[in-house]
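This briefing is intended for a reader who is new to the structure shown below. Please keep the sequence and the model in view while reading.

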Amino acid sequence: MRFSSLNILGGLASLTAGQSAFTPARPPSLPLAVKSPYLSTWFPAGKNGGNGGYLPGQWPTFYTGQVTAWTGLIRVDNQTFTWLGAPEVDSDLANQTAYEYTSSKSIFTIDVDDKVTIKASFISPLTPKDLKRQSLIASYLNVEVASKDGSDHEVQLYTDISAEWISGNLNAVAHWEYDTTDGLSYHKVWKQDQQPFSEVNDRAEWGNIYYTTDTKHGLTYQSGSDKNVRGAFASNGKLDDTKDTNYRAINSEWPVFGYASDLGTVGSTSTSALFSIGLYQDEAIQYLGKNGDEILPSLWTSYFSDDVAALSFFHKDFDNSNELTSAFDEQVDKDSKAAAGDDYAILTTLAARQVMGATQLVGNEARQFLFLKEISSNGNTQTIDVIYPATPFFYYANPDLVKLILDPHFENQESGHYPYKWAIHDLGTHYPNATGHADGNDEHMPVEECGNNIIMVLKYAQTSQNNDYLHEHYPILKQWVEYLVEDSLYPSEQLSTDDFAGHLANQTNLGLKGIIGIAAFAEIANLIDESADAQNYTSIAKDYITRWEALGINAAADPPHATLNYDNDTTYGLLYNLYNDKLVGTNLVPQRIYDDQSAFYLTVANTYGVDLDTRNAFWTKGDWEIFCAAVAAEETRDMFISKYAKWVSETPSANPFSDLYLTDSGEQTGINFRARPVVGGVFALLVL
Ligand SMILES: *[C@@H]1O[C@H](CO)[C@@H](O)[C@H](O)[C@H]1NC(C)=O
Ligand SMILES: *[C@@H]1O[C@H](CO)[C@@H](O)[C@H](O)[C@H]1NC(C)=O
Ligand SMILES: *[C@@H]1O[C@H](CO)[C@@H](O)[C@H](O)[C@H]1NC(C)=O
Ligand SMILES: *[C@@H]1O[C@H](CO)[C@@H](O)[C@H](O)[C@H]1NC(C)=O
Ligand SMILES: *[C@@H]1O[C@H](CO)[C@@H](O)[C@H](O)[C@H]1NC(C)=O
Ligand SMILES: *[C@@H]1O[C@H](CO)[C@@H](O)[C@H](O)[C@H]1NC(C)=O
């Protein structure tokens, strides 16, 4: 039974031949190279499209499911085996025995014929406080080989990527070259017809992909058709050092870009080979900010003169980078386990690189921004109610990143590029365009986004002590709070962030966000000595919360609980906006509401969690469940966490970590949210 997930401690002894351990869990899709919205390669595991999580025998894919072929072969004593991917080569599949993930790594242990063991580590470094390193859209594959049976073996290692990495259109013509620089060898592959800022199937249609390795171990290379290049290795253990110059479509005799490393005689001390894969785009984002329309470069261009200088730094930085990212991984692991135990670490550890992987750093050293793609739901750029659930990760990892995300919003709206008095939903209909909505034609979520902005700005100021930021943006923050005063006690018919559930008036949870937003604004006023405003908005928030309780809580129920919308006693929902009251310390909501919600959730829990609300039976959102967990009593907290962690291991989905799923079957809802940055919300406990 290949799909079962096994805990390494409990499971190892009982593993039968051909089974792998998975630690700390077997996610629905295993992250391989996850560094930006356009470098996002995964390995589908869940049974709805995945093979259980076994690297040999199946292709890696982009988060959409489109294949990004990445091959690993090994020759041991003249016999060839496949350890990564599904190449059509005369070879046996090697046997994966273990998989482990940390926040930035996926580590596979693979046995080859009981002769040697391969440890393949896919590392997408997380250095959230080191923007120079974080700005590089690149990922490592480090392969270590050692003897398993104690004898020496002759070993050659092969890997390639195909041109599928450069476009979402398989008929697009690829161009490529091979070169060396200062001890490194690289294959460069790009789409002949460069289309800056364009996508096909969520893939970037511009920029260069580089596959790099050290020029050592008698390295040989070759570009050419998959059959020729892989076949050359399988029969000779080396490549021809030749370049195919018949530039052609990605799917025309599939051009691949291979390396063979002769590791020589391998004994019990491991021998390693390092590869790195990166996407280099000089121009990243089209933007409408304070300077009008402009093109923002990738931030790495301000640290490096060109692609080759950048990839060379990245590749040679491995030891350093590995040390930094390992320290971050250990911190997440330690803090998560201390906060709420092993199940909690299953969630945070899986979420971390996915959050950063939905973003990219752009601009220059004097004016930097972090841009975020609303992955898989609709591709919007810099969506406020997608940033907001992700922010617990950013407050935890580096609160300055919250400023780098919000700055473009302030520039755009303070320059008069948006016609309404409420806050804009996003900065562009489709990533990587952040050209705003001067026509006001965004997806309006007025209370949601005004509340989110005020709460995020306050939390950022509280963690960074940057009160200048509050001064600078006070007028527009006040414009937004005035809107909340008008529309949050009785929110008009509108969308909340859960837009798939539709429009509704008088949403209890949305009203709560607006009211806490008013209290948060009062605290902003307080921090910068606007005492009249502080007093006024404090008293409005206090008045509203009393009235809100009467409207939105079904007090006659046992236990009492919040309704979905006012005076609708047959309804309920996750009251996840309660989290904000603790996050920014407004302490506006009476303790009895926390206690009642906490008791209530236990009475409506299903196999994999608590439904989002009564509109769609069994639908839920994992990020909001953890917001609820963060302000619940321990038993309820652990219920939410253990059920979401159980879902990670048991869902049939093969999509990258989803936030939207069914609490009964564990399937996705049919709206296949995947790889979204909102899973950063699972860090909610770590920032209270
Ligand atoms: C592998 O093949 C080469 C060339 O045929 C031969 O010299 C060598 O002894 C073989 N090695 C092993 C371990 O069989
Ligand atoms: C994989 O494991 C099976 C079962 O133990 C064994 O028969 C097979 O030879 C192994 N294959 C490799 C390549 O290690
Ligand atoms: C971004 O805008 C350009 C026009 O400036 C357009 O050609 C391109 O298709 C847009 N990109 C996406 C992904 O919609
Ligand atoms: C308090 O705020 C409300 C809503 O913005 C405003 O209408 C009112 O004038 C303010 N009162 C004072 C005393 O500032
Ligand atoms: C909102 O709730 C209030 C109080 O129950 C009610 O008077 C009002 O009609 C509701 N608004 C809508 C649009 O249903
Ligand atoms: C109460 O909620 C249910 C389910 O969302 C809805 O069908 C019904 O119309 C609501 N009733 C009122 C009075 O809002």
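The model is predicted. The domain assignment of the protein gives domain 1 as residues 8–319 and domain 2 as residues 373–687.

- An open sheet is formed by six strands in the order 7-6-5-12-19-18, and its pairing is mixed.
- Strand 7 (92–93) and strand 18 (220–225) each have a single partner strand, so they stand at the edges with one side lacking a neighbour in the sheet.
- Strand 18 runs antiparallel to strand 19 (residues 255–266), and six bridges join the two.
- Tyr 221 has Tyr 259, in strand 19, as its bridge partner.
- Packed on the sheet is helix 3 (residues 226–236), which touches strand 5 (70–76), strand 6 (79–84), strand 12 (153–162), strand 18 and strand 19. The direction of helix 3 makes about 140 degrees with that of strand 18.

**Domain 1 against domain 2**

- The C-alpha centres of the two domains are 37 Å apart.
- In domain 1, 33 residues are in contact with 29 residues of domain 2.
- The two domains bury about 2,700 Å² between them, with 58% of it on carbon and sulfur atoms.
- On the domain 1 side, Pro 28, Tyr 63 and Leu 288 lose the most area to domain 2, together 24% of what that side buries.

**Polar links and contributing strands**

- Between the domains, the count is three salt bridges and 19 residue pairs in polar contact.
- Asp 202 and Lys 373 form a salt bridge, with their closest N and O atoms 2.6 Å apart.
- Strand 3 (39–44) and strand 21 (283–289) each supply at least two residues of the side of domain 1 that touches domain 2.
- Strand 21 provides the largest share of that side, six residues.

Notes. Residues numbered from 1 in each chain as written. Chains lettered and ligands numbered in written order. Predicted model: local features only at pLDDT ≥ 70, side-chain atom pairs only at ≥ 80, totals over all residues. Heavy atoms only, no water. Pairing = 2+ DSSP bridges. Helix = DSSP H or I, 4+ residues; strand = E, 2+ residues; numbered from the N terminus. Contact = heavy atoms within 4.5 Å. Axes fitted to C-alpha atoms, helices over the stretch in contact; angles between N-to-C directions. Domains from an automatic or database assignment. Buried area = accessible area lost by both parts, 1.4 Å probe. Salt bridge = Lys/Arg side-chain N within 4 Å of Asp/Glu carboxyl O. Polar contact = N/O pair within 3.5 Å; in protein donor to acceptor, adjacent residues only side chain to side chain.
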